[in-house]
Amino acid sequence: MIQSVIDLKSWIAQTPTVDEARPAACRGCGAASCPVGGRIQIHGHGLRERQVRGPPGPVEDPAIVVVEGRRYRCVCCGAVFLVVPREVLPRRQYSAAAIGLALALWGLVRETAHAVRRRVSPAKTFGFAAMPGWVTLRRWAKAVKQRRLFASVPVAGPSATLRTVAAVAATALAASADPTTRNRPLEHRAFLGAAHVA
Ligand SMILES: [Zn+2]
């Protein structure tokens, strides 16, 4: 899977063409997709649907959106890969932006895990409503701590709680947001910044 520079909102508005979403080089063998004076090496290979969860914007209701990822095949090595919007993370159902928002709401705004879930999760049925936390939220914080998620952000010390890990990561994500967003609440900036760090 390859994350495009194209963001989720633009992608949903209109799935990019084969040419627009074509990566510059093959992830498998490094062949340039369009060598100067040569033939195109990375060919469009159809579309593949992918679900993405979370609010589309920092103040919007959570949703499940279906994006059409673009598949490509490298003629040099035969590798097939999927190009997806920038915010779509490998092996995760939620967008990077949604996870950034969740970490900020939990770690910085100090909302309860339950309240964070209401803002971020599109699931309307809370079968585990009685549970004190939201396991997915802790899983994200743990993944950050182990550098499996947002690997470029600073990690709180080894004895830090997961909530502190979330706070430190969310602060770094917020700092990655466009400077024009500096007057917006930190959690909005974490949402926007996460798309860049993903
Ligand atoms: Zn290749």
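How many residues does helix α3 have, and how far does α3 reach from its first C-alpha to its last? The views below start there. This is a predicted model, in which local features need pLDDT of at least 70, side-chain atom pairs count only at pLDDT 80 or more, and totals for chains, interfaces and linings use all residues. Residues are numbered from 1 along each chain as its sequence is written, and side-chain values use heavy atoms, with hydrogens and water left out.

**View 1. Helix α3 from end to end.** Helix α3 covers residues 96–107, which makes twelve residues, and spans 16 Å from first to last C-alpha, close to the 16 Å expected at 1.5 Å a residue. (The expected span is 1.5 Å times one less than the number of residues; helices are DSSP runs of H or I with at least four residues, strands are runs of E with at least two, and both are numbered from the N terminus.)

View 2. Twelve of the twelve residues in α3 are buried, meaning under 20% relative accessible area, with exposed over 50% and partly exposed in between (1.4 Å probe, protein chains only). Ile99 and Trp106 are among them. These buried residues pack against β2 (42–54), α4 (113–120), α5 (135–145), α6 (162–175) and α7 (186–197); contact here means heavy atoms within 4.5 Å.

**View 3. α3 beside α7.** The two axes come within 7 Å and cross at roughly 150 degrees. (Axes are lines fitted to C-alpha atoms, for helices over the stretch in contact, and angles run from 0 to 180 degrees between N-to-C directions.) So α3 and α7 are roughly antiparallel, the word for angles over 145 degrees; under 35 is roughly parallel, 65 to 115 roughly perpendicular and the rest oblique. On the α3 side, the contact includes Gly100 and Leu101, and on the α7 side it includes Glu187 and Phe191.

**View 4. α3 beside α4.** Here the helices pack at about 155 degrees, with axes 9 Å apart. That makes α3 roughly antiparallel to α4 as well. Ala98, Leu101, Ala102, Leu105 and Trp106 of α3 meet Ala113, Val116, Arg119 and Val120 of α4.

**View 5. Zooming in on Leu103.** Leu103 sits in helix α3. Is Leu103 buried or exposed? Leu103 is buried, with a relative accessible area of 0%. Leaving aside residues up to four places away in sequence, Leu103 touches several others, including Trp140, Phe150 and Leu173. Arg22, 81 residues away along the chain, has its C-alpha 32 Å from that of Leu103.
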